[in-house]
Amino acid sequence: MATNTPSGGQEPVAVSLAASLKRHKVEAIFGQSLPSALHLVVPEFGIRQINYRTENAGGIMADGFARISNRIGVVTAQNGPAATLLVAPMAEALKASVPMLAIVQEVNRDQTDRNAFQEFDHFALFASCTKWVRRIDTASRLEDYVDMAITQATTGRPGPVALLVPADFLNELRGAIDARQAELGHFPLDRVVPDPARLAEAAALLAGAQHPVVIAGGGVLLSQATEALAALQERAHLPVMTTNMGKGAVDEAHPLSLGVMANALGVNAPRHDLVPLLARADVVLLIGTRTNQNGTDSWKLYPRDATFIHLDIDGLEVGRNYESRRLVGDARLGIEALTTALAGQDLSRRAAARPALESEIAARKAAGAERAKVFTASDETPMRPERLMAELDALIDGDTIVCADASYSSLWVLNFLTARKGQRFVTPRGIAGLGWGLPLALGAKVAAPAKKVVAVVGDGGFAHCWQELETARRMGLSVTVIVLNNGILGFQKHAELVKFGAHTGAIGFTDIDHSAIARAAGVNGVQVATPEAFRDAVAAALSAAQTTVIDVITKADAWPPITVFDGNI
């Protein structure tokens with residue numbers, strides 16, 4: 001490792017880069033061998049390397065790590081084809097507001113624009129899926145660019161950034177400079193409070209409302225604002241619902257909590273009967289949500305004649321789809337300031353209405369749960385996913401992190417598991433791609449090694465990332481993977497039936513035993529076909545010292561209660 005040895009008071013740029021990352025409290029990097037010069041030295045700084053099998057999975061792991069740790073996720077990749085595989089995870093991070101730093105190797109500086117091996121225009125590649133892209137080629141500016149990159153990722157609306165580093169640049173020797181002290185790798189980096197005058201206006205609207213509702217999005221979790229939201233809920237006696245990405249922002253066992261209300265509120269949804277509470281709302285407080293299509297059920301769910309108040313760190317999202325009273329700022333500080341402003345308001349109307357409101361919410365929840373029992377208590381085989389979620393819900397607790405793939409997997413989790421106080425749910429609802437569940441779980445486990453982590457995936461999505469089971473084994477990461485094996489691309493099939501009355505021939509799979517794949521990768525694997533066997537397998541997996549894949553044969557004609565499916569399939 002001679003290239004990493006300081007000489008004459010100088011050190012390779014790779015050493016300086018590793019030192020800068022350590023200064024920003026980076027303790028794990030998701031990467032393979034490239035940039036090699038960097039990976040050879042990071043162990044000397046106590047930075048753990050998590051060796052993914054594919055770059056897209058590595059980027060997803062960095063995303064899961066960031067969401068759970070509230071620290072920037074760092075992923076590395078080689079130039080060219082490896083770099084292109086980072087586009088999908090960075091696009092998800094951009095839409096979901098997750099800070100990520102991609103350190104991407106470039107060809108040697110003297111080979112630029114000469115058709116060098118795997119040379120590619122990384123500026124153009126990352127332009128649409130990052131907040132910021134820069135190339136470093138001057139050693140004296142290294143710390144400047146590292147600090148700029150991490151600041152861009154963690155300040156304002158968080159998101160992914162890319163630093164491009166030529167291979168020869170990392171081996172260049174540089175003289176020592178004055179040591180910096182700034183640590184910028186946590187988020188939110190800069191918390192700002194909304195305009196006090198607008199906070200006072202919002203407080204008056206909420207206090208005077210007859211039927212106010214709070215809608216919490218993923219920004220509440222990113223801002224670590226769950227306790228602040230719970231205090232606001234109590235102080236102002238406010239019913240709170242969440243978007244899909246906001247699951248876990250509020251304790252769903254609270255008598256004023258409505259749970260997830262988004263695009264899966266069909267007749268058999270446990271929360272179907274709660275829709276009238278939102279429909280009659282006269283004041284709606286939106287917090288940390290981009291009011292996207294799925295979260296608003298194609299913008300049909302929220303009452304159009306209500307007065308909207310929108311609190312978000314991104315002023316461009318405030319009022320994007322619902323004209324709103326503007327509260328631009330950090331979710332946690334904004335909620336705390338709003339709670340303080342409400343202390344000066346007369347909340348007697350809200351207090352007086354609370355007992356009846358709690359009773360109504362409880363009755364509506366009970367009615368929905370009772371109607372859903374036809375599925376959640378079903379003994380039919382192949383098994384219903386709703387029954388599996390009921391069994392899983394009884395085996396996990398508030399310290400269990402639940403990750404899910406996109407498509408049906410996340411909808412089963414979001415609608416049929418209970419978010420306990422402080423519990424985290426991690427789903428790829430930014431761009432909702434398949435193949436995220438297992439890598440998200442591995443990233444979450446790196447961030448919180450003492451916690452139990454469960455991934456719920458479909459057989460279609462799991463096939464995108466089987467190879468990362470070997471990563472789990474090699475890196476000593478124990479997670480529980482539940483594969484809902486129905487032999488089809490369920491969402492694709494059912495959506496095509498709704499839209500066209502027929503489906504394509506691409507939706508069906510041959511029989512695959514995913515537990516055998518797990519065992520071949522050197523981790524635990526079991527296939528189950530009954531609720532009792534599933535219950536036993538999950539209990540064993542949660543206490544196992546290594547990753548376990550539970551392959552569950554599920555009913556092919558089961559679909560979540562997506563609103564647009566009602567009466568159409």
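F491 is partly exposed, with a relative accessible area of 26%; on this scale, buried means under 20% relative accessible area, exposed means over 50%, and partly exposed covers what lies in between (1.4 Å probe, protein chains only). The structure is a predicted model, in which local features need pLDDT of at least 70 and side-chain atom pairs count only at pLDDT 80 or more, while totals for chains, interfaces and linings use all residues. Residues are numbered from 1 along each chain as its sequence is written, and side-chain values use heavy atoms, with hydrogens and water left out.

Aromatic rings come next. A pair of aromatic rings is described by the distance of the centres and the angle of the planes. Rings of Phe, Tyr and Trp (its six-membered ring) pair if their centres lie within 6.5 Å, and planes under 30 degrees apart count as stacked, over 60 as edge-to-face and the rest as tilted. This rule gives seven aromatic pairs. One of them is the stacked pair of Y408 and F491, with 5.1 Å from centre to centre and 25 degrees between the planes. Y408 belongs to helix 16 and F491 to helix 20, so this pair ties together parts that are 83 residues apart in sequence. Helices (H or I, at least four residues) and strands (E, at least two) are DSSP runs, numbered from the N terminus. Y408 counts as buried, at 6% relative accessibility.

F491 also pairs with F565: the ring centres are 6.1 Å apart and the planes stand at 90 degrees, so this pair is edge-to-face. Here too distant parts of the chain are linked, since F491 is in helix 20 and F565 in the segment after strand 20 (548-553), 74 residues apart. F565 is buried, with a relative accessible area of 3%. Ring pairs join Y408, W412, F416, F491 and F565 into a cluster.

Rolling a probe the size of a water molecule over the atoms shows where empty space is left. On a 1 Å grid over the protein atoms alone, a pocket is an open set of points with protein on both sides within 12 Å along at least five of seven lines, and lining residues have an atom within 4 Å of a point. The largest pocket has a volume of about 710 Å³, a volume being the space filled by probe spheres set on the points, which are joined across faces, edges and corners. Of its 35 lining residues, S407, Y408, F491, Q492 and I562 are the closest to the centre. Helix 20 gives the most to this lining, with six residues. The lining divides into 16 nonpolar, 13 polar and six charged residues; Ala, Val, Leu, Ile, Met, Phe, Trp, Tyr, Cys and Pro count as nonpolar, Asp, Glu, Lys and Arg as charged, and the others, Gly among them, as polar.

The second largest pocket has a volume of about 550 Å³. It is lined by 27 residues, with T226, G248, G422, Q423 and R424 nearest its centre. Helix 11 gives the most to this lining, with four residues. By class, the lining holds 10 nonpolar, 10 polar and seven charged residues.

Finally, helix 17 (residues 437-447) is mostly covered, with 10 of its 11 residues buried.

How values were computed. 1 Å grid on protein atoms, 1.4 Å probe; cavity = no way out; pocket = protein on both sides within 12 Å on 5 of 7 lines; lining within 4 Å.
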